[in-house]
Amino acid sequence: MSTSTDRAADRGDGLRFPDGFVIGSATASYQIEGAVEADGRGTSIWDTFSHTPGKTLDGDTGDVADDHYHRVEADLDLMQSLNLHAYRFSIAWPRIQPTGRGPANQAGLDFYSRLIDGLIARGITPVATLYHWDLPQALQDEGGWTNRETALAFAEYARIVGQALGDRVAIWTTLNEPWCAAFLGHASGVHAPGLTDPSAALQAAHHLNLAHGLAIEQLRAVVTNDPQFSVTLNLHMLRGSGPTGEEAVRRLDAVGNRVFTGPLLHGAYPADLLRDTASITDWSFVQEGDAEIIHQKIDALGVNYYSTSLVRVWDGRGERQRADGHVAGDASPWPGDDDIEFLPQPGPHTSMGWNIDPSGLEDLLLAVHAEFPGLPLLVTENGAAFEDTVTTGEGGPAVHDADRVDYLRRHLTAVHRAIERGADLRGYFVWSLLDNFEWALGYSKRFGIVRVDYDTLERLPKDSARWYAELAATRAIPAVSPDAEPSLSVGD
Ligand code: FCB
């Protein structure tokens, strides 16, 4: 991104997506809803974790977040004003079953029912995720995802939700980023429930896989409107550096990607993963019959993408580099890979410190398509956090987030290129509709195309929201005016 020539090539202004290509936005329950005590909602592991001193930046919690729970009608109008074709949201399990088991809390179901009706009334397709990390605390008290029973409880939850909403949801996603839930939650401990036990992380990964399979079985049995079924993974886009790069990529791909794609899409855990992690666990938690349950036919795979990783085997000299983009914890989120290093990468970077590399998205989509040729893909998250500033001009307050517009423009160009090169891409969801609670980093990172003032909770569409609205209206990548060129350069 250093010369004006490759800048132009990277930005496919005017490029049009195929008819039917879905332009949407994504959010997640705990990150936006607030209202943690409303209408019988139970406690989730993120309530517990965020209220534990030292776990989130500045002690931020999702207690209020964007107060979306109480502002849902206005947020629906906002989505409509942005011409969104689809909205990807998640359902908070503790609103539906406050303790993770037993009868449904009708008020919780009613909230999502109203949300879905509001979407449909505005011509917006509902895309629902069952699990975006807010496990009922009562289940955690019995071991959470390290306990097989949690997968069985998840199946019951899926059935309840499917019975109530399964006449209107167009796409069901069982899990969002089970890698983060398993490995950031149980190995590095920077996410709830905050454990640092690599064998527990692998066990959690298996039970999440099992939960996916069981939930699809239940949903299939009760839905009435012929929806699509999917799962969303944060596949790590790994690039090797030097002579040991290939080996490092293989190992991280095993414990970062194939631990999910193996059982979910090929029907088995990869042999090299079992071998690499043999000193950590014997995998005896995998029971006979699990492989068949997990290996469900799905209609689409959701891919979340933000940046790339550059990796090699550490030569033991100097300090081992750990620039994997995740918040650093007391332990590594990569079981068995303590001799691998993640090298810092050239900029520009977002305010998460993530390198901006749209070609990583193109390469990833093409690689996934090559491995699973018949499987339609959705980019279920892509976006960027930047230090936004509010300016006040003649037209009132505004956020001129040229760097975010540029990020989206270049990544959508990469998506378009992947489609032209044969990837079966069906849609793109920007992360995120609203600024929100960014997990361990609290409210310090703003990913929204709409700004949220955390004092007044007012919403203010940023320039990126206007740009995105035009994209959604035309399905073509909008040009930007020359005075809105991005400010970032290679050194940033
Ligand atoms: C993904 C999460 C999402 C958000 C973005 C920035 O890992 O799915 O909730 O935090 O990262």
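Glu341 is buried in this predicted model, with a relative accessible area of 2%. Its side chain meets that of Arg312 in a salt bridge, at 2.8 Å from N to O. The pair links distant parts of the chain, for Glu341 belongs to strand β9 (residues 340-343) and Arg312 to strand β8 (residues 308-313), 29 residues apart. Arg312 has a relative accessibility of 31% and therefore counts as partly exposed, since the buried class ends under 20% and the exposed class begins over 50%.

Side chains of opposite charge can pair when their charged atoms come close. Across the whole structure, a search finds 35 salt bridges. One of them joins Arg95 to Glu33, with the closest N and O atoms 2.7 Å apart. Arg95 lies in helix α5 (residues 93-96), whereas Glu33 sits in the loop between α2 (29-32) and α3 (45-50), so this pair ties together parts that are 62 residues apart in sequence. Both Arg95 and Glu33 are buried. Arg404 and Asp401 form another salt bridge, their closest N and O atoms being 2.8 Å apart, and both residues are buried. Salt bridges also link residues into a network, whose members include Glu247, Arg250, Arg251 and Asp253.

Attention now turns to helix α16. Its twelve residues (463-474) should span 16 Å at 1.5 Å a residue, and the end C-alpha atoms are 17 Å apart, which agrees. Among the buried residues of α16 are Trp467, Tyr468 and Leu471. The buried residues of this helix pack against several elements, including β1 (22-26), α4 (72-81) and α15 (402-420). After α16 comes Arg475, whose phi is positive, near 60 degrees.

Definitions and conventions: Residues are numbered from 1 along each chain as its sequence is written. This is a predicted model: local features need pLDDT of at least 70, side-chain atom pairs count only at pLDDT 80 or more; totals for chains, interfaces and linings use all residues. Side-chain values use heavy atoms; hydrogens and water are left out. Helices (H or I, at least four residues) and strands (E, at least two) are DSSP runs, numbered from the N terminus. The expected span of a helix is 1.5 Å times one less than its number of residues. Buried means under 20% relative accessible area, exposed over 50%, partly exposed in between (1.4 Å probe, protein chains only). Contact means heavy atoms within 4.5 Å. A salt bridge is a side-chain nitrogen of Lys or Arg within 4 Å of a carboxyl oxygen of Asp or Glu.
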